[in-house]
Amino acid sequence: MVEFSGLVKINFFKKENFTGSCGGMCFKVESKDKNSALLATIWPGPYSSDNTPDEKKQYAEFPFSPEGVEKVQAWLEEQYQAQSALWKPVRIG
């Protein structure tokens, strides 16, 4: 289960990106265009966003607001459930 909206407040995104993973699905949430929106990106692990081809990434945009943070979390959870075949945990090493 992807859950962070109780831990991360909207002001966090004014200065930082939030990254994480859940069962093989990696994600990043960031401010877009000087806090006009939140951009959520997902991709299959195990590599970072910078080391994953763009064609393997999926994006969604949400309002830059506390409600937007909740919508991001809901979208991440939906994608995790709907595309479970993509999120195979991979061990490195």
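In this predicted model, E61 is partly exposed, with 48% of relative accessible area. Its partner in a salt bridge is K32, and the closest N and O atoms of the two side chains are 2.5 Å apart. E61 belongs to strand β4 (residues 58-63), whereas K32 belongs to strand β2 (residues 25-32), so the pair ties together parts that are 29 residues apart in sequence. K32 is also partly exposed, at a relative accessible area of 28%.

The salt-bridge count comes to three. As background, side chains of opposite charge can pair when their charged atoms come close. One of the bridges joins D54 to K57, with an N to O distance of 3.2 Å. Here the two ends fall into separate accessibility classes: D54 counts as exposed, with a relative accessibility of 53%, while K57 counts as buried because its 13% relative accessibility lies under the 20% limit.

A further bridge links E30 with K28, for which the closest N and O atoms are 3.7 Å apart. Both E30 and K28 are buried.

Turning to E16, this residue is found in the segment before β1, a strand that covers residues 18-22. With a relative accessible area of 46%, E16 is partly exposed.

Notes:
Residues numbered from 1 in each chain as written. Predicted model: local features only at pLDDT ≥ 70, side-chain atom pairs only at ≥ 80, totals over all residues. Heavy atoms only, no water. Helix = DSSP H or I, 4+ residues; strand = E, 2+ residues; numbered from the N terminus. Buried < 20%, exposed > 50% of the residue type's maximum accessible area, 1.4 Å probe, protein only. Salt bridge = Lys/Arg side-chain N within 4 Å of Asp/Glu carboxyl O.
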